[in-house]
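Have the sequence and the 3D view ready.

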Amino acid sequence: MCELRRVYVAGVGMVKVGKYVDKSLRDLAGEAALKAMEEAGNEVPEALVVGNMLSSLIEQENLASLIGDHLGLRGACGFKVEGACGSGGVAVLTGYSLVASGLFSKVLVVGVEKLFERPSSDVIRGLAYAADADYELIYGVTFSGLNALLMRYYMSKYGVKYEELAYWSVLMHKNGSRNPYAQLRYEITLEDVLKSPLIADPIRLYDSCPLSDGASAVFLASEDSKRLTDTPVIIAGIGNSIDSVDLTSRLELDHLLASRVSAESALRMAKTDLREVEVAEVHDAYTITAALSIESIGFAERGKAPKAWSEGRFSPGDKPSLNLSGGLKSRGHPVGATGVYQLAEVVMQLRGDFPGVSVPAEVGLTQNIGGAGSNVTTIILRR
Amino acid sequence: MTTLQRIWRLKNTILNLVASRCLACGYVTYPPKMRCPVCGSRELREERLPREGEVLSYTIIRVPAKGFENFTPVIIALIKLGDAKVLSEVVDVKPEDVSIGMRVVATVRKSAETIDGGVPYVTKFKPLKL
């Protein structure tokens, strides 16, 4: 690999995840972007990278120009990148590359999603665009359905009980209840999960993340611009990997190849190993996704993650503490913005100013998963 | 919601369950690929999968995607057919009677109407009664 410039996160911005009828896609993106720019000393970015998956649902593309112009950035470089629910992660990777390569010194990465404008049946159909349209969607399978297939397989192979997986949701709502940016800001009990309606057996409503609107932004800067902030956090390692979109040709159904490979790449680049990671945000679109992500990264052995978290592992203060934001489950999952939220949250943990549950930490990790594990970005952050 | 064009293009693969077998390492994938996902070889041969297999995992979709309201609840399964796996619908069985390891056989059935008003026929699976 040629010499890369160091890339710092000089500012972050988030809007509360939720359901917005009074704010448009450009309003949400603009609000998050302005916060990140303010944190970075009101510097003007040279480039804008937008992460988004489904703006076509609300009949809007050309997002970088739309949002960039709204922010007074005419003349800047700008474009959108997409990797399904992993769009935020690949947007960060793209922004990172623009700075690390020396092409630009100040890049704004904005993740944004606006779902609550269409009927939910349209949104559910839209989210399934992350699956294989030719071979999976012709059967009417939903994104929940695909994850349900993985969940039942996993439970059967490892003898994991539904309740053990469901307990993840309880833990996430506990963390999320203290996150002012979270969508579902309340605690739930295991009984609440067990009594919630079935969406796609064995997945129930509370095993699943909510539908969400939201936007998050990070201001990336090179070494010469790190003066922008007193508390810079460095992107020490970043990796992305793809796997098949279809589940059927996967080598394994209980392991996410792209999660493992992207984590290995990020750790190698950061010259560190998992034991150093103190705080992490993993992609728990469903409780099964949490288990597969945790195990594929290497935080737990195969089939053992649910038992581990049921016994208190990964709770606040443990190493690593996972999803102090409440994760996708409670913070919410504004699809193409999620990877950028994760980055902003872990940056705040490392700076010590996350407004919810926080732990002292110097090394953090984020993992953003697109599709049912088909496009995964893992990032290592260091204070 | 699919289109007539797509169904027409996929008719051989879907109705005949055509997979690709790598002549270098033997890995079989459905749907077929242009290069082997395991070894990268371009020497692939199309072959028809067996029409009988067993359920590896299944789900019952209760909240439908647009266009599939009349097919809900629908049983979707990952099915092992020989050396490959396929995803399909399981029919002619009550949701509570499906199980992992259940033997199923391919059958041709109607699917949801396409955007352009066509009525496509696709491969689904039904319980194998010996």
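**Exercise 1.** Find how much area is buried between chain B and chain A.

*Solution.* About 3300 Å² is buried between chain B and chain A, and carbon and sulfur atoms give 63% of that area. Buried area here is the accessible area (1.4 Å probe) that two parts lose on being put together, summed over both. Next, take the contacts (heavy atoms within 4.5 Å): 40 residues of chain B touch 34 residues of chain A.

A note on the model: it is predicted, with local features needing pLDDT of at least 70 and side-chain atom pairs pLDDT 80 or more, while totals for chains, interfaces and linings use all residues. Residues are numbered from 1 along each chain as its sequence is written, chains are lettered from A in the order in which they are written, and side-chain values use heavy atoms, leaving out hydrogens and water.

**Exercise 2.** Count the salt bridges between chain B and chain A, then locate the partner of B:Lys33.

*Solution.* A salt bridge needs a side-chain nitrogen of Lys or Arg within 4 Å of a carboxyl oxygen of Asp or Glu. The count between the two chains is 4. B:Lys33 pairs with A:Asp246, their closest N and O atoms lying 2.6 Å apart.

**Exercise 3.** Classify the ring pair A:Phe143 and A:Tyr286.

*Solution.* Rings of Phe, Tyr and Trp (its six-membered ring) pair if their centres lie within 6.5 Å; planes under 30 degrees apart are stacked, over 60 edge-to-face, the rest tilted. The centres of A:Phe143 and A:Tyr286 are 6.2 Å apart and the planes meet at 55°, so this pair is tilted. Finally, both A:Phe143 and A:Tyr286 are buried (under 20% relative accessible area, 1.4 Å probe, protein chains only).

Terms used: Buried means under 20% relative accessible area, exposed over 50%, partly exposed in between (1.4 Å probe, protein chains only).
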